[in-house]
Amino acid sequence: MNPVSLAIERGIAVVTIDNPPVNAASQAVRAGLVDAVRRIDGDDAARVAVLICAGRTFVAGADIREFDQPPVGPLLPEVVARIETATTPWIAAIHGTALGGGLEIALGCHYRIADPKARLGFPEVNLGLIPGAGGTVRLARLIQPGDAARMIASGKPIAATRAVELGLVDRLAGDDLRDAALGFAAEMQGANRPSPLSGRAPLACLDASQWQAIRTATEERARGRIAPVEAVDAVREATELAGDAALAGERERFVRLRQSPQSKAMRYVFFAERMVSKPPEIAGIAARPLGHIGVVGGGTMGAGISAAVLLSGRPVTMIERDRGLLAKGLAATRAHLGASLQRGLIDTAGHERILAGLSGSTDHRALADCDLVIEAVFEDLDVKLAVFGELDRVTKSQAVLATNTSYLDVGRIARAVRDPSRVIGLHFFSPAHIMKLLEIVRPETAAPDVLATGFALARHLRKIAVPAGVCDGFIANRIMNAYRRTCDTMLEEGALPRDIDDAMTRFGFAMGLYAVQDLAGLDIAWAMRKRQAESRGPDAPYVAIADRLCELGRFGRKAGAGWYLYPPDSPKGAVDPVVEQIIREESARKGIERRPITGDEIMQRIVQTMQDEGRRILAEGIAASAEAIDVVMVNGFGFPRWRGGPMFMGDPIALC
Ligand code: T1G
């Protein structure tokens, strides 16, 4: 079926794209658009054209699935050029998201009108690409080239209101986009078609130092990704060359990047994130209602989880042991919401509405009508079992009960309530209202619709949900603990924390392991190691350096010292000779002769450990696929997305 339809009424040709779920510019859409241009230009009754999309969004880009197949014409650059040079003026009517190739099509049109809630952007750099159908050329001729370069290099969409300010969108529609677009078209009937954007001169020309400044800032933020810097170079080139030459230059760059290992890795992660969040075992299973949510515990995790749920538009009741702790938890939650308002993620009206949904109590009976309750109390089994005992008593039988434990046996917790089938693990990552990853831990007792409810919550919270089986640390922390052990061993052998952290940031991680531990706090992992000590064999290899730091109260940033020292003038953490001394003493105590360890060796051993533990996790069925492990590592621990993940990477020796 042709996803592009055409209807001509009172001199206005309405071209509608209907290619669910996101109107991707597939081959059929492209062919349909070229055909529409031909028919409209050939029909005297059509004096202006409106391009609009059915469903929830305007064209959200080229069809990424086609990138690994032989290209089939017409290609998108040709489609955009045909619209741009059509004799009939075209108006793009934008709702939802106009992204990548979709925004390029809109730039081929002669005017743009947008729903006020629409978002427009070039996310190609998130796939290791740059626009490949004239986006760098036409945008730099419609808005200030500096703004164009920053917009494309960031990959972040902008609001329609901002797009009007920049000159990207001509006007905003009221409530009815279609009506407003037809009104705009009626005004444009008989008007001369503006000259094609690609044939115009750039709005301005920046000098070399201005371009260098944009490029340097982009390079710093890119942390090893090549596409953002290529995007800046492409926009610069687009302002220094004539239209056709600039279009050819952009296309050459796009085709080269499309074959690059970085883009292949980032496209893999894009589809892996969507695949793992739709496990076959919940296909077609309806989730239970998710109206009112309870959160037990107002600490760091409880407040973050409450904020995440409230930001999805659901009311939250927080429970704490006493009034003081409750007030602290509610205040922390409100602070997160205030920060979201500051960052423009919500508007003032939204902020007030969301705040009204937050309540608290010291009495668990306040959770009686909750559909889901998430327990986020101290990481101790007895404490959690006591809470679940309470929840079993006060919640309605259909309510789903979830634990946010990072390590503990969710099956054991489930068996503490009369109906274990309503218990799952929902393992959030700190800060819970920001981190995208959510491990959904399934004990054997969990009912399929309870699991489906966990995934439904993840969609509402716009989290990337990954199913995990029950074991110590599930997928994320189990792998993290494995490479933490490898890193601790390298500390004994000759490395220092800064060596390992530098190797990891050079590899593309936002932060190294020891800097992350200082941020999260060393005490939780220490409690876990002490708990594991009971089952650890006397001959099991064990590195005691971290324990010695904790015995000194060095729990990280919150204690002013951990692996690094955090004096007021050194927020990033300064190397501390005390830690170095402890490390050397531990090497000596074990009779280890310290040796230099290179950054490459450090990364090879870290990635090798991740892969080995990943293979064990797959063999035990804790993770359903290598994709699940890669999605966890990329979204949970900042493994560089442009490397695809440890399982995707293949042999670390070859690649580090
Ligand atoms: N191509 C193919 N499939 C796509 C797609 C695309 N561009 N975008 C989404 N899908 C599929 C997705 O895999 C999922 O499939 C379903 O649609 C719903 O997506 C030449 C080179 C638009 C913000 O990078 O960011 O244009 O799992 O679950 O959360 O210059 O999808 O159901 O089978 O993500 O509501 C540039 C990518 C491409 C945008 C909607 N465009 N998409 O989010 O739904 S490169 C992008 C998104 C390009 C040109 C260049 C999001 C969304 P399934 P979803 P969502």
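An oxygen atom of the ligand sits 2.8 Å from a polar backbone atom of Gly101. This is a polar contact, that is, a pair of N or O atoms within 3.5 Å. The model is predicted, so local features need pLDDT of at least 70 and side-chain atom pairs count only at pLDDT 80 or more, while totals for chains, interfaces and linings use all residues. Residues are numbered from 1 along each chain as its sequence is written, and side-chain values use heavy atoms, with hydrogens and water left out.

**Around the ligand**

An N or O atom in the side chain of Arg274 is 2.7 Å from one. For Lys278, a polar side-chain atom lies 3.0 Å from one. In total, 26 residues surround the ligand; to count, a residue needs a heavy atom within 4 Å of it. The closest are Arg56, Ala62, Gly101, Glu104 and Arg274.

**Helix pairs**

Helices here are DSSP runs (H or I, at least four residues), strands are E runs of at least two, and both are numbered from the N terminus. Axes are lines fitted to C-alpha atoms, for helices over the stretch in contact, and angles run from 0 to 180 degrees between N-to-C directions.

| Helix pair | Axis distance | Angle |
|---|---|---|
| α1 (residues 27-41) and α2 (residues 76-84) | within 9 Å | roughly 20° |
| α2 and α3 (residues 101-108) | 8 Å | about 25° |
| α18 (residues 476-493) and α19 (residues 497-507) | within 9 Å | roughly 130° |

Angles under 35 degrees count as roughly parallel, over 145 as roughly antiparallel, 65 to 115 as roughly perpendicular and the rest as oblique. A crossing is left-handed if the near helix is turned anticlockwise from the far one by less than a right angle, and right-handed if clockwise. Contact means heavy atoms within 4.5 Å. By class, Ala, Val, Leu, Ile, Met, Phe, Trp, Tyr, Cys and Pro are nonpolar, Asp, Glu, Lys and Arg are charged, and the others, Gly among them, are polar.

Take α1 and α2. Their angle makes them roughly parallel. The crossing is left-handed. Arg30, Leu33, Val34 and Val37 of α1 meet Leu76, Val79, Arg82 and Ile83 of α2. That contact has 6 nonpolar, no polar and 2 charged residues.

Next, α2 and α3. Their crossing is right-handed. From α2 come Leu76, Val80, Ile83 and Glu84; from α3 come Gly101, Glu104, Ile105 and Gly108. The classes are 4 nonpolar, 2 polar and 2 charged. Gly101 and Glu104 also belong to the residues closest to the ligand.

Last, α18 and α19. These two are oblique to each other. α18 passes α19 in a right-handed crossing. Tyr483, Cys487, Met490 and Leu491 of α18 touch Pro497, Ile500 and Met504 of α19. The contact has 7 nonpolar, no polar and no charged residues.

Most residues other than glycine have a negative phi, and most peptide bonds are trans. Pro20 to Pro21 is a cis peptide bond, with omega near 10°. Pro21 is in the loop between β2 (12-17) and α1. Ser430 and Pro431 are also joined by a cis bond, with omega about -5°. Pro431 lies in the loop between β15 (423-428) and β16 (437-441). Arg223 has a positive phi, near 45°. Its place is the loop between α8 (208-222) and α9 (227-240).

Methods: A polar contact is a pair of N or O atoms within 3.5 Å; within protein, one must be able to donate a hydrogen and the other to accept it, and residues adjacent in sequence count only if both atoms are side-chain atoms.
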